[in-house]
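Please examine the sequence and the model shown below. The briefing that follows is grouped by topic.

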Amino acid sequence: MRGFIMTILPELFMLFFSFVFLFLSIGRRRADVFKWAKVLSLLGLVVTLVSINGRGNLFYGAYKVDLFSQIFKALIVYGFVFVIFMLDRKNEIEEDYHAEYFMFLGFSTLGLMMLVSSVELISIAISLEISSYSLYVIVPLRKGQTRIQLEASMKYLFFGAISTGIMIYGMSYLYGMTHSTFLANIMFVLPKFLVQPIGILAIVLTLTGFFFKLSLFPFHFWAPDIYEGASNTTTTFIATVPKIAAAALLIRIGTLASAADPAFVTILMVLAGLSMTFGNLVGLVQKDIKRLLAYSGIAHAGYVMIGILAMSRDGNAAAIYYMAVYLFMNLGCFYVVLLLSKSGENISLNDLSGLAKRAPLLAFTLAVSAFSLAGIPPTGGFTGKLFLFTSAFKAGYLPIVIVGAVNTVISIVYYFNLLSLSYSKEPVATESIRLSFHEKALCYVLIFLVLYLGLMPFGLTQLFSAAV
Amino acid sequence: MGNYLIMNSLNFPILSTTIFFPLVGALLLLIMRNDKLVKVTAFMVGVANFVVSLFLYIHFDPTTHLFQFGEFARWIPTYNINYILGIDGITIFLILLTTILAPLCVLCSWTAIEHRVKEFMFCILVMESAMVGVFCALDFILFYIFWEAMLIPMYLLIAIWGGPQKDYASIKFFIYTLFGSVFLLVAIIAIYLVTGSFNIPNAMFRDYSFNFQFWVFLAFAIAFAIKVPMFPFHTWLPAAHTEAPTAGSVFLASVLLKMGTYGFLRFCLPVTPQASLYFAPYMVVLSVIAIIYGGFICLSQTDMKKLIAYSSVAHMGFATLGIFSLTLFGFEGALLQMLNHGVTTGALFFCVGIIYERTHSREIYDNAGLGKIMPIYVGFFGLFSISSFAFPGTNNFVGEIYILIGTFANDKVAGFFAVVGAVLAAAYMLKLLKQITWGREDKRAIKDMNIREVAYLVPFAVFVVWMGLFPAPFVHTIEKTLTHLITQMQVFSP
């Protein structure tokens with residue numbers, strides 16, 4: 001029993017976190033919710049890191065705790081902690097809902113943590129819904145009620161529900177063909193069905209749910225509108241943490257599908273190529289930074305797929321690495337957006353003008369993150385892309401590598417636009433932006449992490465390839 | 001350690017020091033508050049690093065073609081990526097050129113840069129680190145990281161301290177070069193998949209199939225041709241050169257352009273010898289076009305900086321012409337031309353910077369007729385101008401004569417057109433010199449050069465004359481490496 005608890009300690013802790021805020025939201029004293037959230041989330045990070053060596057098969061094999069799942073749980077909690085620390089300015093969410101907001105963030109993180117350990121269709125569906133429903137609720141929680149966030153939340157709900165429906169429809173086919181809901185069994189039997197259209201159809205429909213979370217083309221439609229409508233913090237969360245979990249599950253399925261079927265790989269390759277190209281081309285014309293980052297996210301979903309479709313150990317390790325980089329570089333970009341917005345409003349590109357004069361540190365954080373998103377050394381984005389391209393090339397998928405490389409060049413244009421605005425334009429508003437110690441520290445940490453992942457992935461690459 | 005690398009026998013890691021010392025200095029600048037202190041520190045860091053790099057020259061062994069001062073450390077074992085450094089005859093002078101330019105660039109920006117001095121000096125020193133790193137790296141990934149990291153400070157130099165069209169110029173520069181680099185990256189991965197490591201010397205002179213060499217050469221060639229820049233990939237260069245601040249133009253012309261020709265010598269020839277032989281005629285044609293085309297464009301320029309920028313296209317055309325003549329004379333000439341162009345064009349950009357600080361114009365007419373007003377300035381300018389069109393007794397003459405010998409041995413028609421190009425060079429440079437010296441009669445109150453400005457032009461002047469009259473030490477140092485290269489080429493491209 002003790003061993004059982006120890007293996008799922010991170011999940012239990014997230015549950016505890018959410019319950020604490022559930023009770024805080026019922027009670028009247030709400031002054032210290034921020035302090036509590038910070039302390040508890042840090043504690044959650046410690047717990048997750050401590051239990052990184054946890055192993056076990058729980059619930060009759062439906063729930064698998066291994067190095068792979070623990071690494072992803074650690075990444076998810078990292079994202080969660082950063083988002084909570086970023087929320088510091090209290091200008092994003094109505095004061096009355098702070099406790100609820102933390103509660104839903106906690107539940108969503110719990111769902112995502114469960115997702116990366118689930119190896120059975122029904123637990124996958126349940127974990128995914130736990131995380132999604134919490135997010136549906138926090139999207140409209142934004143200061144100053146306008147129609148835009150309500151519209152966003154409705155869209156998110158509908159798109160999410162539809163994609164879940166499609167996913168469960170696909171799962172029903174899988175079950176019908178293979179008579180099992182366990183991924184291991186399914187993947188064992190599935191190859192003989194993959195020669196028939198039904199096999200491909202079933203697996204593509206099943207993956208739809210994760211493609212949706214990852215905002216891969218053509219399941220990306222929600223992303224720009226929801227990013228624009230949700231509060232900046234909520235967007236930061238949605239743009240980073242759920243994508244990590246979705247990538248985790250795609251990798252898990254990839255590792256189980258030992259015999260890669262050419263037709264299946266071709267479908268993934270086309271989706272990855274379209275996602276990169278579409279995301280980057282539409283990103284070129286965006287005016288709102290969050291919309292721009294949404295399209296950049298669509299493009300990055302395509303990059304991650306390059307690693308996954310290689311269906312090799314290298315490819316999966318590269319995809320994990322890229323998700324880690326993706327987390328921190330996006331957090332960097334969003335943090336700048338968050339700090340620039342005085343009362344939680346959206347930031348347009350023009351608001352960046354002369355940022356380097358108003359707040360050199362913010363401009364530098366943005367520069368490092370944007371360089372990383374674009375994949376320029378010595379940032380993590382480059383090292384991640386290098387690993388991805390190498391693994392796909394090794395597996396013989398040169399075309400997708402070239403598409404990816406050309407896309408890198410296209411994306412430079414709009415990432416650079418961010419930089420040239422902040423460095424070479426004169427500021428419109430001249431007053432400088434004051435940052436508190438806490439905010440400066442967070443900027444430095446993010447810069448450090450992005451550069452660290454770029455230059456010194458010493459132990460990490462071994463760790464990640466041991467995990468897959 | 002392999003059979004290609006002589007490990008460093010000095011009692012400190014000299015190459016790592018040369019690479020990372022400026023970076024450490026740059027970080028040190030960040031905590032300073034006083035602009036004056038920042039400038040002095042940056043200058044001292046530059047000088048100190050030059051002194052360190054002089055040890056490279058003193059201890060350099062010219063009797064071997066192997067890489068010297070080697071350093072090796074494991075970096076990312078999962079992908080067999082290592083931290084390998086080493087230099088040979090091709091890189092020794094390019095490193096010295098880089099390390100001496102950095103302090104001189106600091107000097108030339110002493111008064112020209114008025115706002116954000118700290119950031120400017122930071123960029124200069126980071127640039128120096130990355131550029132030295134490119135020349136020392138013997139691992140493809142390490143090389144690529146330096147190669148790309150160099151673009152960031154260069155971009156910032158143009159984008160923040162540049163001229164009126166800085167936005168356009170900086171983005172064009174970055175995207176153009178990055179476009180080439182991604183193909184380089186794909187080629188690097190392809191080589192890794194064949195050889196199993198990112199080690200550069202390991203990848204040289206192996207029996208790859210011709211088909212493989214064909215594609216790898218093309219991918220390399222796009223990246224390097226953009227950097228050189230060869231016709232028709234040169235359009236980023238005038239914009240970037242013209243809009244960059246003086247120090248930026250000097251770094252661009254003197255070092256960044258050399259990265260392209262260095263790439264051809266270090267990667268294209270040894271890794272893909274058969275494909276190099278196959279493509280050589282096409283590259284020769286492009287080089288000749290660059291020489292002639294650059295010359296004609298220069299004749300019609302009215303902007304001093306643009307003229308010198310386009311003359312770079314022509315001069316680098318000579319360098320690529322020498323490389324793809326595939327003769328020993330051609331190689332030596334190309335390497336000397338790289339150095340000479342770095343010195344002469346760098347010095348000419350310094351000269352433009354000096355006059356721009358006084359008249360705030362780059363137009364030839366606004367700066368004409370300085371012969372009587374600024375005699376010292378015109379003296380230096382005259383020396384560098386005649387050096388630029390390879391007047392006998394100056395440095396460029398030595399390089400160009402080597403290249404022409406190599407070219408005539410290989411292809412008489414190309415040699416003929418190259419000579420025409422050399423005459424064109426004399427035409428446009430003398431036209432510029434005449435205008436600057438006697439172009440206007442009116443007296444204007446412009447001060448002549450001060451001590452600081454003389455101080456940073458003197459090293460160039462010394463080099464111009466030294467190299468022109470006594471090039472033996474230089475040729476001697478690079479000869480062994482290039483002889484080895486040409487013999488290996490003959491073995492591997494029958």
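**Briefing on the predicted model**

Phe59(A) is found in the loop between β1 (56-58) and β2 (63-65) of chain A; helices (H or I, at least four residues) and strands (E, at least two) are DSSP runs, numbered from the N terminus. This is a predicted model, in which local features need pLDDT of at least 70, side-chain atom pairs count only at pLDDT 80 or more, and totals for chains, interfaces and linings use all residues. Residues are numbered from 1 along each chain as its sequence is written, while chains are lettered from A and ligands numbered from 1 in the order in which they are written.

**Backbone features in loops**

- Phe59(A) has a positive phi near 50°, in a residue other than glycine.
- Phe59(A) is exposed, because 12 other C-beta atoms lie within 10 Å. A residue is buried if 20 or more other C-beta atoms lie within 10 Å of its own, exposed if 12 or fewer, and partly exposed in between, with C-beta atoms placed from the backbone.
- Ser215(A), in the loop between α9 (197-214) and α10 (222-229) of chain A, is not a glycine but has a positive phi of about 55°.
- Ser215(A) counts as buried, because it has 29 C-beta neighbours inside 10 Å.
- In chain B, a cis peptide bond joins Val228(B) and Pro229(B), with omega about -15°. Pro229(B) lies in the loop between α9 and α10 of chain B.
- A cis peptide bond also joins Phe231(B) and Pro232(B), where omega is about 0°. Pro232(B) has its place in the loop between α9 and α10 of chain B.

**An enclosed helix in chain B**

- Eight of the eight residues of helix α10 (residues 236-243) of chain B are buried, so this helix is largely enclosed by the rest of the structure.
- Among the buried residues of α10(B) are Trp236(B), His241(B) and Glu243(B).
- These buried residues pack against α6 (151-161), α7 (166-195), α11 (246-271) and α13 (304-324) of chain B. Two residues are in contact if their C-beta atoms, placed from the backbone, lie within 7 Å.

**Helix packing**

- Helix α5 (residues 98-117) and helix α11 (residues 232-256) of chain A pack at an angle of about 20°, with their axes 8 Å apart. That makes α5(A) roughly parallel to α11(A), since angles under 35 degrees count as roughly parallel, over 145 as roughly antiparallel, 65 to 115 as roughly perpendicular and the rest as oblique. Axes are lines fitted to C-alpha atoms, for helices over the stretch in contact, and angles run from 0 to 180 degrees between N-to-C directions.
- In this pair, residues including Leu105(A) and Thr109(A) in α5(A) meet residues including Phe237(A) and Val241(A) in α11(A).
- In chain B, α13(B) and helix α17 (residues 412-438) pack at an angle of about 155°, with their axes 11 Å apart. The helices α13(B) and α17(B) are therefore roughly antiparallel to each other.
- Leu307(B) and Phe318(B) are among the residues of α13(B) that meet α17(B), where the partners include Ala414(B) and Tyr428(B).

**Contact between the chains**

- The contact takes 24 residues from chain A and 27 residues from chain B.
- On the side of chain A that touches chain B, α18(A) gives the most, with 11 residues.
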